[in-house]
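Subject: Structure for you, with notes

Hello,

Here is the structure you were waiting for.

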Amino acid sequence: MQGKITQLLSNIQAGDFKALARAITIVENSLHGYEELLLNTTEKGGKIIGITGPPGAGKSTLVNALLRQWINEHKKIAVIAVDPSSPFNYGALLGDRIRMNDFYNNPDIFIRSLASRGALGGLNPKIIEITDIVRQAPFDIILVETVGVGQSEVEIAGLADCTVVTVVPEAGDEVQTLKAGIMEIADIFVINKADRDAADAMYANLKIMVHNKAHEGQELPVIKTIATEGKGIAELATAIDSFFTTAGSHKDHKLQLATEKCWQLLQAERMKNFDKTVIKKELSEQLFQPGFNLYAFTKQFLSSAAVK
Ligand SMILES: Nc1nc2c(ncn2[C@@H]2O[C@H](COP(=O)(O)OP(=O)(O)OP(=O)(O)O)[C@@H](O)[C@H]2O)c(=O)[nH]1
Ligand SMILES: [Mg+2]
């Protein structure tokens, strides 16, 4: 088994989409070799971009437009579309819904749909695992689209290296109420459907919010887009690029993400009583050691917790 898994991983690392699809299926269904696969993954650089926002905000249209932009730059991209309503195993049928059919046969684009709700509620922990499998492949960018309904916005922030929060002009009041939450998780704000009247007011509003929240003179970018017309997309792509050149390597951010992910994985083990500060403390001693593996860490954490 060990040999097969090693072979599968090296095929994934070489860019073999069939091997990647196979590995995702193994993880998705907890098939034989599932744990071994995860334990043999290696930490890769940050390049996961979460696109979140309310239903119908235009997230998929934005993803589509970004794909067009990046294809021209010869980038290799994976898209994981997380559907909030479907049972996990029907994920494969969601292709039509995400309207990315144009890209299904493109050798540089890998698309997979997943359902989001786990047995315990919250983002299905398998999404973390699958994202880490996808990370093993040589993609320049991994896009994860999730519908932001309450908690899931916060959850995506634990998964993505860069979180793009998409709002629409009509959502003015909603943004006011969600203020605290979305300000915490957003790395970039997008006001999509900027062809609508209220877009300028919304823009002004958000600019004030990000200005008040500016950190060391740095304000979060707010970008107006019309995804259906490809407008503002180049600007968004630039904002994403500069996010990774400036913030991508920050150890704090990485530690925060790994803590969040570990916590989600522990929850999946139906052991909800772990303290994040303890996880973070232990992680801070191990995360930056060569050869660190989050799944091995979690397993070790679980077994040491079990004997206590
Ligand atoms: N007017 C206008 N319509 C847009 C724009 N972007 C997307 N739409 C439309 O908004 C609708 C929803 O777009 P989607 O991309 O499916 O939105 P979504 O956020 O992915 O939706 P869910 O995944 O269902 O939450 C579609 O009819 C799009 O054509 C825009 O910039 N302007
Ligand atoms: Mg969508």
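Among contacts in the chain between residues at least 6 apart in sequence, what percentage join residues at least 24 apart? The figure is 73%. Please keep in mind that this is a predicted model.

Overall make-up. The chain has 308 residues, and 39% of them count as buried. Its secondary structure consists of 12 helices and seven strands.

The core. In soluble globular proteins, nonpolar side chains tend to be buried together. Here the largest nonpolar core contains 73 residues. Ile49, Ile80, Ile142, Leu143, Ile188 and Phe189 have the most contacts inside that core. I looked at Ile80 in particular. Apart from neighbours within four places in sequence, Ile80 is in contact with Arg112, Leu114, Ile130, Thr131, Val134, Ile142 and Val144. One of these partners, Ile142, is also on the list of core residues with the most contacts.

Ligand 1. The shell around ligand 1 has 14 residues, and those that come nearest are Gly58, Lys59, Ser60, Thr61 and Ala227. By type, the shell divides into six polar, five nonpolar and three charged residues. Helix H4, residues 59–72, supplies the largest share of the shell, with three residues.

H4 and H9. Two packed helices are described by the angle between their axes and the distance between the axes. For H4 and helix H9 (residues 233–246), the axes come within 10 Å and cross at roughly 75°. The two helices are therefore roughly perpendicular to each other. On the H4 side the contact is made by Ala65, Leu66, Gln69 and Trp70. H9 contributes Ile233, Ala234, Leu236 and Ala237. Of the residues in this contact, seven are nonpolar, one is polar and none is charged.

His74 is in the loop between H4 and strand E2, which covers 77–83. Is His74 buried or exposed? His74 is exposed, because 8 other C-beta atoms lie within 10 Å, and a residue with 12 or fewer counts as exposed. Its phi is positive, about 60°, although His74 is not a glycine. His74 and Asp108 are 34 residues apart along the chain, and their C-alpha atoms are separated by 8.1 Å.

Ser30. A positive phi also turns up at Ser30, about 45°, and Ser30 is not a glycine either. Ser30 sits in the loop between helix H2 (17–28) and helix H3 (34–39). Ser30 counts as exposed, because it has 11 C-beta neighbours inside 10 Å.

Leu8 belongs to helix H1, which spans residues 2–13. Leu8 counts as buried, because it has 22 C-beta neighbours inside 10 Å, where 20 or more is the cut-off. Not counting residues up to four places away in sequence, Leu8 touches Ala19, Arg22 and Ala23. Leu8 and Lys18, 10 residues apart in sequence, are 9.7 Å apart in space from C-alpha to C-alpha.

That is what I have for now.

Regards

Note on methods:
Residues are numbered from 1 along each chain as its sequence is written. Chains are lettered from A and ligands numbered from 1 in the order in which they are written. This is a predicted model: local features need pLDDT of at least 70, side-chain atom pairs count only at pLDDT 80 or more; totals for chains, interfaces and linings use all residues. A residue is near a molecule or strand if its C-beta atom, placed from the backbone, lies within 6 Å of it. Helices (H or I, at least four residues) and strands (E, at least two) are DSSP runs, numbered from the N terminus. Ala, Val, Leu, Ile, Met, Phe, Trp, Tyr, Cys and Pro count as nonpolar, Asp, Glu, Lys and Arg as charged, and the others, Gly among them, as polar. Axes are lines fitted to C-alpha atoms, for helices over the stretch in contact, and angles run from 0 to 180 degrees between N-to-C directions. Angles under 35 degrees count as roughly parallel, over 145 as roughly antiparallel, 65 to 115 as roughly perpendicular and the rest as oblique. Two residues are in contact if their C-beta atoms, placed from the backbone, lie within 7 Å. A nonpolar core is a set of buried Ala, Val, Leu, Ile, Met, Phe, Trp, Tyr and Cys residues joined through C-beta atoms within 7 Å.
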